[in-house]
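Here is a short briefing to read with the model open beside you. Have a look at the structure first, and then we can walk through a few of its features together.

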Amino acid sequence: MVAALELYLDTVATRRIRVLWDALEAEGVQSMRSLLEQRHRPHVSLAVAPRFDPEQVTAALAGTRVAAPLRLSFQHAGQFVGRVLWLGPVPTPELLAHHRRVHDLLVAGGVPLVEHYRPGRWVPHCTLSMRVPNALMAPAVRRCLEVLPLEATVVAAALTDHARNISHPLP
């Protein structure tokens, strides 16, 4: 399991993604709703690490508003190798700059991060499923397209490590 710095979405966007999770489940696709004893919350991860020390992360990000009120416009569905299905927001200059700022502060604070989440490599996304059966990927993507576009505002942030049952709110 990994730890993540997660950006949470407004109530309306969160509700729409949860409805999409339910629709995927009804079609035989295990969604994020089913994972982690239903503790998972729709989000976009800014940084991922094998493990986070909440005090180290808080110190590195002191004075930074991680939950900046960014507007996200989810315009596409995508998949990563390994049967991962996601919705992608438009990578606006504001979103990319915020990601870089948070990343740079974490690195300067000595926080080790996963390479795929570094600026220039990061693909902003909201994971819907991590286990889409190959035969169901096309119908799952079609289901995703039914909810797009989806507008959202970042309203909160937290440092999470579900394996260790950590959810540490960030400003």
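Strands here are DSSP runs of E of at least two residues, and they are numbered from the N terminus. By that rule, Phe80 is found in strand β3. Please keep in mind that this is a predicted model.

**Helix α4 and its buried side**

- Helix α4 spans residues 137-145, and its buried residues are Met137, Ala140 and Cys144.
- These three cover an arc of only 65° around the axis, so they sit on the same side of α4.
- What do the buried residues of α4 pack against? Their partners are α1 (11-26), β3 (71-80), β4 (84-89) and β5 (126-129).

**How α1 meets α4**

- Two packed helices are described by the angle between their axes and the distance between the axes.
- For α1 and α4, the axes come within 10 Å and cross at roughly 150°.
- Because angles over 145 degrees count as roughly antiparallel, α1 is roughly antiparallel to α4.
- The crossing of the two helices, α1 and α4, is right-handed.
- On the α1 side, the contact is made by Leu20, Ala23 and Leu24, while α4 supplies Ala140, Arg143 and Cys144.
- By type, the residues of this contact of α1 with α4 divide into five nonpolar, one charged and no polar.

- Is Leu87 buried or exposed? Its relative accessibility is 0%, and under 20% means buried, so Leu87 counts as buried.
- Leu87 lies in strand β4, one of the elements that the buried residues of α4 pack against.
- Beyond residues up to four places away in sequence, Leu87 touches Ile17, Leu20, Phe74, His76, Ala77, His125, Cys126, Leu128, Cys144, Val147 and Leu148.
- Leu87 and Leu145 are 58 residues apart in sequence, and their C-alpha atoms are 9.1 Å apart in space.

- Phe80 has a relative accessible area of 29%, so it is partly exposed.
- Which residues does Phe80 contact, leaving aside its neighbours within four places in sequence? They are Trp86, Val123 and His125.

**Backbone details in the loops**

- Most residues other than glycine have a negative phi, and most peptide bonds are trans.
- A cis peptide bond joins Leu148 and Pro149, with omega at about 0°.
- Arg83 is not a glycine, yet its phi is positive, near 75°.
- Arg83 sits in the loop between β3 and β4 and is partly exposed, with a relative accessible area of 36%.
- Asn165 also has a positive phi, of about 60°, although it is not a glycine.
- Where is Asn165 placed? It lies in the loop between β6 and β7 (166-170).
- Asn165 counts as exposed at 60% relative accessibility.

Note on methods
Residues are numbered from 1 along each chain as its sequence is written. This is a predicted model: local features need pLDDT of at least 70, side-chain atom pairs count only at pLDDT 80 or more; totals for chains, interfaces and linings use all residues. Side-chain values use heavy atoms; hydrogens and water are left out. Buried means under 20% relative accessible area, exposed over 50%, partly exposed in between (1.4 Å probe, protein chains only). Helices (H or I, at least four residues) and strands (E, at least two) are DSSP runs, numbered from the N terminus. The arc is that of the directions from the helix axis to the C-beta atoms. Contact means heavy atoms within 4.5 Å. Axes are lines fitted to C-alpha atoms, for helices over the stretch in contact, and angles run from 0 to 180 degrees between N-to-C directions. Angles under 35 degrees count as roughly parallel, over 145 as roughly antiparallel, 65 to 115 as roughly perpendicular and the rest as oblique. A crossing is left-handed if the near helix is turned anticlockwise from the far one by less than a right angle, and right-handed if clockwise. Ala, Val, Leu, Ile, Met, Phe, Trp, Tyr, Cys and Pro count as nonpolar, Asp, Glu, Lys and Arg as charged, and the others, Gly among them, as polar.
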